[in-house]
Amino acid sequence: MPVLIILGLVLVWEVCVRTMSIPAWQLPPPSSIILELILSIELLLEHTVVTLLEIVVGFAISLLIGLVLSAGIAYSSLLQRSIYPIVISSQTVPIIAIAPLLLIWVGYGLAPKVIIVAIICFYPIVVNTVDGLKAIDPDMVNMLRALGATKFQVFRKLQIPTALPFIFSGIKISISVSVIAAVIGEWVGASAGLGYLIIYSQPLFLTSRVFAAILILAVMGVSLFVLAVVAERLSMPWYFNEKRASSIRHL
Amino acid sequence: MILNQDSDECINISALSKTYVVNGSTELILSDINLSVLERGFVSVVGPSGCGKSTLLNIIAGLDEPDSGSIYIKGIEGPRLGKIGYMQQKDLLLPWRTVLDNASLGLETQGLSKKDARDRVLSEIETFGLSGYEQMYPYSLSGGMRQRVAFLRTMVMDQSIVLLDEPFGALDSLTRVQMQLWLLEIWDLMKKTIILVTHDVDEALFLSDTICLLSARPGTSAFTISVDLERPREHHMLSKPEFVSMKQDVLSSLWEYVD
């Protein structure tokens, strides 16, 4: 269904541009964007790899640090009171405003973009994971304690699985915004990447190229999201089967 | 049935009391509880709702400590957590674990390897009527089946004492009767000492050697009745005159203490 809607809109776009004779530098028809995509595929791929690398590395760092920190926050009330408020208030600082500083500190390479992606991905992961680790049923905890479980066993056998759906919600939000983060990072200062290509092509009125880059970014974003959903399904089959079973029961 | 006179006292609780702070005011939940359970005995704790039955089990299991009084398990007063089987009202199965792995949970927390725990569970799975269900997840099981898994998880451990908190409360009456008969079999087979909390007088009479009545809040051990019905118990006994008269006794003293 969404595919049909998009195809319809693209068709309207193509027809409008052609009948109203809008110049291509202003709004190119979809056909010429596709043509640009094919002709400049090497150039586009070169920049795609850079942006994808920024996203993947930034996201991975964020996930790793985020999960460890969340475990700490859920485990220790001291961390909960000291670190957690900082994590939450850090979200109010506009990242775009920090980006120029990062350029001063770590240069124009991959590092500042990776850091921006990591900072933006960090918040949804930590907030969701902390909530998930705390969403345990106290009766379940008592059940485990009565079975002689240690605090660590409760964490591993109850808290982590309970948190898993929450963690994946965080991951899905993070991965959706990570593409935006990488583009912002490249706009502030870069010599490669799709965001850089857009900023570079715009004053040259290579509008088809701008659109081609946007198209790739969109596909990248959707693919990363789908990847997260697949990982979610694979790691918690019980969760989805249970949801399906209960929805059938409620029919 | 008269209890085997050779068997020793397994659990001794004396003068136990417990208060909780509820909304800023301290409330006495249990007061002067005395209970004695013999080795391989079956004792039911019966009382009106809110009399602190579950609190009593929590304390015996070691999840909570009494304010005063003593609990001796086989003559020893000390930490009890993990040494006593405790099956709560809800089945509390972990939704991400299969039947087999849910039942293995307690053995795993005791330090058995996953494989050894599974093997141990598999050797008992037949007895608990769960063969063929090993790889199923809890959501696909009926209430009675889930309860069996929770039973297996509790019973498969080497703890000789088992506390049961209204294990059949959520079941329909037919399944309930089946499960009661089955529990008696398991009890006999696995040589356990059982304390069962229930508010079903029929159930208490049908299953136990001794019934301990608790009064309404604060719960006090008001009354102890020994159930002199022969074993094995069979369902037709429920309509025998001595059963009916015993039920009358229990119910009338229960009414007396509710007020």
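Okay, let's start with two helices: helix 2 and helix 3 of chain B cross in a right-handed way. Keep in mind that this is a predicted model. Helix 2 covers residues 99–109 of chain B and helix 3 covers residues 114–124 of chain B, and they pack at an angle of about 115°, with their axes 8 Å apart.

So who does the touching? On helix 2 of chain B, the contact is made by B:Leu100, B:Ala103, B:Ser104, B:Leu107 and B:Glu108. Helix 3 of chain B answers with B:Lys114, B:Ala117, B:Arg118, B:Arg120 and B:Val121. Sort the residues of that contact and you get five nonpolar, one polar and four charged.

Now, the inside. The largest nonpolar core has 70 residues, and B:Leu152 is one of those with the most contacts inside it, along with B:Val45, B:Ile60, B:Leu163, B:Ile195 and B:Ile211. Where does this core sit? Both domain 1 (1–84 + 161–174 + 192–259) and domain 2 (93–158) of chain B give residues to this core, so it lies between them.

Let's zoom in on B:Leu152. Leaving out residues up to four places away in sequence, B:Leu152 touches B:Ala103, B:Val121, B:Glu124, B:Phe128 and B:Leu130. Apart from this core there's another, of 47 residues, including A:Phe59, A:Cys121, A:Leu133 and A:Leu217.

Last stop: where the chains meet. Chain B puts in 18 residues and chain A puts in 18 residues. On the side of chain B that touches chain A, helix 2 of chain B gives the most, with three residues. That side of chain B divides into eleven nonpolar, six polar and one charged.

How values were computed. Residues are numbered from 1 along each chain as its sequence is written. Chains are lettered from A and ligands numbered from 1 in the order in which they are written. This is a predicted model: local features need pLDDT of at least 70, side-chain atom pairs count only at pLDDT 80 or more; totals for chains, interfaces and linings use all residues. A nonpolar core is a set of buried Ala, Val, Leu, Ile, Met, Phe, Trp, Tyr and Cys residues joined through C-beta atoms within 7 Å. A residue is buried if 20 or more other C-beta atoms lie within 10 Å of its own, exposed if 12 or fewer, and partly exposed in between; C-beta atoms are placed from the backbone. Domain bounds come from an automatic or database domain assignment. Two residues are in contact if their C-beta atoms, placed from the backbone, lie within 7 Å. Axes are lines fitted to C-alpha atoms, for helices over the stretch in contact, and angles run from 0 to 180 degrees between N-to-C directions. Helices (H or I, at least four residues) and strands (E, at least two) are DSSP runs, numbered from the N terminus. A crossing is left-handed if the near helix is turned anticlockwise from the far one by less than a right angle, and right-handed if clockwise. Ala, Val, Leu, Ile, Met, Phe, Trp, Tyr, Cys and Pro count as nonpolar, Asp, Glu, Lys and Arg as charged, and the others, Gly among them, as polar.
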